[in-house]
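Here is a short report on one chain fold. Please keep the model open while reading.

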Amino acid sequence: MMRNHGRLVLVPCPYQGHISPMLQLGTCLQSLGFSVTVVQTNYNSPKHLNHPNLTFLSIPDGLSDDEISSGYHTSLVLAINVNCLAPLEECLVRMMKNQQPHEELVGVIYDELMYFAEVVANRLELPSIIFRTNNAATFRSRDFLLQLMIGGHLPFSDSASQELVPGHYPLKFKDLPISNFGISENILQALTNMRNIRTSSAVIWNTTDSLEESPLAQIKQECPVPIFSVGPIHKFDTAASSSSLLEEDTSCITWLDKQARKSVIYISLGSLASMNVSDFSEMAWGLANSRQLFLWVVRPGSVIGSEWVESLTNDYKEAVQSRGCIVQWAPQKQVLRHEAVGLFWTHCGWNSTLESICEGVPMICSPFFGDQKVTARYVSEVWRVGTHMENKWERGEIEKIIRMLMADDEGEETRQRAIDLKNKVEACAREGGSSYNSVKKLVDFIMSLKLRD
């Protein structure tokens, strides 16, 4: 019987791209001997039943309906950091008062955006560890962006947007993780708070040396605390439970089962991005004109001014007939590992990118905001396992890119690089690999913090 190392508290940020890796980390640590409690906000709470080995506690977040519906995610995060400090402290005090000797609270692991958790941990004399759910290249680009903001060099000109960022090859200025809402004091405050380590004991990163050896090495030189690169963390989630906030339509798997190997394009642009009807139409007709099979996730409300897909005409439906399957949400990891899927058109969120890399599926990159732009540049120009669709969406260009990646010699080369990269990343997660060893070192480190107390 595995010895209980004590209890860890995990504090995720309440957005899909942050919840998934945090719960995967929690499941991994639970399998290695820790009891794990996830303290979540009422807003965007994950489904408890999918994670029976984790304990969930909710705290009030103080968010109004107007704040939640505003779409200003940076403002929401800043509000949560103010509103949740006292409720989290009360929650942890109760846990410590009622804890059993074999389940002593040994530390707090918090999403970099939930930095109020570090303040609480410090007050209660608990070790705290930061979990960064984005890649290392994004972190470094944020540092450069902060320098530009503090120096008054933003916004930069259109001509400068195409220039390379000094010391951050291959990033261009237009790839820097700037919000679509522009630069504000809120964004400056959030970037500063995310960057600071203050009193935390270590940093966990959902990335791997095989993907980001150079940016990780540079960060480790500058970072005053240990860094544990444990990604892709979903490879260590032995339960492989869904952490989706949206209902997954599994009927698409039955549709995929009927298709030939590597014949289907999978399209999903994430849980937050939205597009106008014109871009949606160009996307639809580019898919139709490519004559390829496709599984298309269209999230309700993601097309501005539409409930779902009502803007697709009867002419379009006749043109695609049975070649397309459109769903509101899909079990993405299951889709990407399906042998029928040969290409992923993605927004380049970090979780989606890691999942695609781990299955050897090449990508079409259509980033919308923030870290997605950094990741898209790395996918296309560093790892060279996809094509960055940078120009205005136009059906002819979309058709051309799809045909190139699905049928042409250039696409075959990209597909081979994707397989090679998959093998490298998988090696990191296997016994003896860098990520595998990093997970083991993380457990030893947490235990050493417990002994110090």
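## Helix packing

Helix 6 passes helix 8 in a left-handed crossing. This is a predicted model. On the helix 6 side, the contact uses Ala136, Ala137, Phe139 and Arg140. Helix 8 supplies Glu212, Pro215, Leu216, Gln218 and Ile219. By class, the residues of this contact between helix 6 and helix 8 are six nonpolar, one polar and two charged.

Helix 6 (residues 136-150) also packs on helix 14 (residues 371-381), with axes that come within 9 Å and cross at roughly 125°. That angle makes helix 6 oblique to helix 14. The crossing of helix 6 and helix 14 is right-handed. Ala137, Thr138 and Ser141 of helix 6 meet Asp371, Val374 and Tyr378 of helix 14. The contact of helix 6 with helix 14 holds three nonpolar, two polar and one charged residues.

| Helix pair | Axis distance | Axis angle |
|---|---|---|
| Helix 6 and helix 14 | within 9 Å | roughly 125° |

How many of the residues of helix 14 are buried? The count is 10 of its 11 residues, and helix 14 is mostly covered. The buried residues include Asp371, Val374 and Tyr378. Among them too are Lys373, Ala376, Arg377 and Ser380. The buried residues of helix 14 pack against helix 6, helix 8 (209-222) and helix 13 (350-358). They also pack against strand 12 (363-365) and strand 13.

His388 sits in strand 13 (residues 386-388). His388 has a relative accessible area of 14% and is buried. Beyond its neighbours within four places in sequence, His388 is in contact with Ala376, Arg377 and Ser380, among others. Its contacts also include Asp175, Cys365 and Pro367. Arg337 is 51 residues from His388 in sequence, and the two C-alpha atoms are 22 Å apart in space.

Arg384 lies in the loop between helix 14 and strand 13. Phi of Arg384 is near 55°, a positive value in a residue other than glycine. With a relative accessible area of 43%, Arg384 is partly exposed.

Seven strands form an open sheet in the order 3-2-1-4-5-6-7, with parallel pairing. Its edge strands are strand 3 (55-59) and strand 7 (227-229), and each pairs on one side only. From one strand to the next, the twist averages 25°. Strand 2 (residues 35-41) pairs with strand 3 in the parallel sense over five bridges. Val38 stands opposite Phe56 in strand 3. Helix 5 (residues 116-123) packs on the sheet and touches strand 1 (7-11), strand 4 (105-111) and strand 5 (128-132). The direction of helix 5 makes about 160° with that of strand 4.

Asn44 is found in the loop between strand 2 and strand 3. Phi of Asn44 is near 55°, a positive value in a residue other than glycine. Asn44 counts as partly exposed, at 27% relative accessibility.

## Strand 8

Is strand 8 (residues 264-268) enclosed or exposed? Five of its five residues are buried, so strand 8 is largely enclosed by the rest of the structure. In a regular strand the side chains alternate between the two faces of the sheet. Here Val264, Tyr266 and Ser268 point one way from strand 8, while Ile265 and Ile267 point the other way. Four bridges join strand 8 to strand 9 (residues 293-297), and the two run parallel. Ile267 has Trp296 as its bridge partner in strand 9.

## Cis peptide bonds

Tyr169 and Pro170 are joined by a cis peptide bond, with omega about 5°. Pro170 belongs to the loop between helix 6 and helix 7 (185-195). The peptide bond from Gly231 to Pro232 is also cis, and its omega is near -10°. Pro232 lies in the loop between strand 7 and helix 9 (251-257).

Conventions:
Residues are numbered from 1 along each chain as its sequence is written. This is a predicted model: local features need pLDDT of at least 70, side-chain atom pairs count only at pLDDT 80 or more; totals for chains, interfaces and linings use all residues. Side-chain values use heavy atoms; hydrogens and water are left out. Axes are lines fitted to C-alpha atoms, for helices over the stretch in contact, and angles run from 0 to 180 degrees between N-to-C directions. Angles under 35 degrees count as roughly parallel, over 145 as roughly antiparallel, 65 to 115 as roughly perpendicular and the rest as oblique. A crossing is left-handed if the near helix is turned anticlockwise from the far one by less than a right angle, and right-handed if clockwise. Contact means heavy atoms within 4.5 Å. Ala, Val, Leu, Ile, Met, Phe, Trp, Tyr, Cys and Pro count as nonpolar, Asp, Glu, Lys and Arg as charged, and the others, Gly among them, as polar. Buried means under 20% relative accessible area, exposed over 50%, partly exposed in between (1.4 Å probe, protein chains only). Two strands pair if DSSP finds at least two bridges between them.
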